[in-house]
Amino acid sequence: DHTLDVLIGNQMLKPIDKNKLTFWSQLHTSLLNPYYDPQNRFTVPYYWGVYGIGYDADQFPEGFATHTWELIFSTTPCPGAHICMTDDPREAILIAAQYLFGTIDALKDPVAQEAVKQLLIRQKKQVEVYTLARADSLLQTKGCSVATIASPEAWRVSRLSPQIKMIIPQEGSFFIIDSFGILKDSEKDELIYEFLNFIFEQESIKHHSQMYGFCSPLTTIFVPSQNEFCPIDQKSNFDFFRPVISDERINEIWTEVIAA
């Protein structure tokens with residue numbers, strides 16, 4: 001989303017002709033009109049997911065009394081737990097802000113930025129590894145017992161290892177929506193629309209959703225076993241990893257965290 005915000009802001013994409021898309025009326029309305037493209041003039045939402053906390057139920061057989069980001073930021077709910085934390089600076093900083101303040105917009109205040117930095121520095125004592133790409137395998141192999149994870153990866157690994165569960169924190173979480181845009185200089189628009197209509201066919205969406213765990217963008221495709229991983233009805237409690245502070249400031253904070 002923050003990448004699309006840059007592409008649209010720099011006028012690098014051309015408007016989408018929705019009349020050439022055979023599936024537009026089947027899209028989940030909750031995926032439409034995001035902050036970076038309020039009228040979907042330039043983007044078409046594709047597969048999506050939600051950020052949450054994955055955990056190994058073998059190590060926490062009774063689950064947790066409350067579903068909160070505190071599980072990765074405090075030693076109290078998960079004493080001795082080996083934590084896998086995302087290695088994406090933007091994600092880590094914004095998740096910490098959501099936990100501390102209930103909104104990532106708090107980061108516009110330098111005082112809040114300092115509080116987030118100190119929280120992440122304290123958390124380091126519990127972090128076994130910083131990674132996003134390997135969160136699912138670390139849970140599966142019991143290398144970590146708790147991990148920040150995106151719902152597609154959590155759902156996919158839970159089918160192989162049913163003891164892997166995912167919760168969505170009550171403070172609010174984050175949407176991840178893959179989207180398509182057409183570059184302004186493209187001269188292959190007709191082929192692009194043909195391609196989009198092909199990959200949005202119901203059989204294609206269903207196949208890839210089931211195989212890879214992606215949440216379906218179409219209301220006509222429903223995978224029952226994905227319910228807990230694709231809670232579209234909770235959309236009002238989800239934000240995006242929006243650019244509320246500059247990339248430069250994010251890098252400064254993260255460098256101080258890692259160096260601490």
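The residues lining the second largest pocket divide into 7 nonpolar, 5 polar and no charged, where Ala, Val, Leu, Ile, Met, Phe, Trp, Tyr, Cys and Pro count as nonpolar, Asp, Glu, Lys and Arg as charged, and the others, Gly among them, as polar. The model is predicted: local features need pLDDT of at least 70, side-chain atom pairs count only at pLDDT 80 or more, and totals for chains, interfaces and linings use all residues. Residues are numbered from 1 along each chain as its sequence is written, and side-chain values use heavy atoms, with hydrogens and water left out.

The lining of this second largest pocket consists of His-28, Trp-48, Cys-215, Ser-216, Thr-219, Ile-221, Phe-222, Val-223, Gln-226, Asn-227, Cys-230 and Ile-232. Its volume is about 160 Å³. A pocket is an open set of points on a 1 Å grid over the protein atoms alone, where a 1.4 Å probe fits, with protein on both sides within 12 Å along at least five of seven lines; lining residues have an atom within 4 Å of a point. Grid points are joined across faces, edges and corners, and the volume is the space filled by probe spheres set on them.

The largest pocket has a volume of about 360 Å³. Of the 22 residues that line it, Glu-91, Phe-175, Ile-176, Ile-177 and Asp-178 lie nearest its centre. By class, its lining has 12 nonpolar, 4 polar and 6 charged residues. At least two lining residues come from each of helix H1 (2-9), strand S2, helix H3 (89-101), helix H6 (151-160) and strand S7; helices (H or I, at least four residues) and strands (E, at least two) are DSSP runs numbered from the N terminus. S7 gives the largest share of this lining, 5 residues.

S7 (residues 173-180) also takes part in strand pairing. It runs antiparallel to S2 (residues 44-56), and 5 bridges join the two; strands pair if DSSP finds at least two bridges between them. Val-50 is the residue opposite Phe-175 of S7. With strand S9 (residues 238-239), S7 pairs in the parallel sense over 2 bridges, and there Ser-173 has Phe-238 of S9 as its bridge partner.

H3 packs against two helices. Its angle with helix H4 (residues 110-123) is about 105 degrees, and the axes are 9 Å apart; axes are lines fitted to C-alpha atoms, for helices over the stretch in contact, and angles run from 0 to 180 degrees between N-to-C directions. H3 and H4 are therefore roughly perpendicular, the term for angles of 65 to 115 degrees. Ala-92, Ile-93, Ala-96, Ala-97, Tyr-99, Leu-100 and Phe-101 of H3 make the contact with Ala-112, Ala-115, Val-116, Leu-119 and Leu-120 of H4, contact meaning heavy atoms within 4.5 Å. These residues comprise 12 nonpolar, no polar and no charged.

Helix H9 (residues 247-259) packs on H3 at about 80 degrees, with the axes 9 Å apart. H3 and H9 are therefore also roughly perpendicular. Here Pro-89, Arg-90, Ala-92 and Ile-93 of H3 meet Asp-247, Ile-250, Ile-253 and Trp-254 of H9. This contact has 6 nonpolar, no polar and 2 charged residues.

H6 packs with helix H8 (residues 202-212) at an angle of about 70 degrees, the axes being 8 Å apart. That makes H6 roughly perpendicular to H8. On the H6 side the contact involves Pro-152, Trp-155, Arg-156 and Arg-159, and on the H8 side Ser-209, Gln-210, Met-211 and Tyr-212. The classes here are 4 nonpolar, 2 polar and 2 charged.

Definitions and conventions
Parallel < 35°, antiparallel > 145°, perpendicular 65-115°, else oblique.
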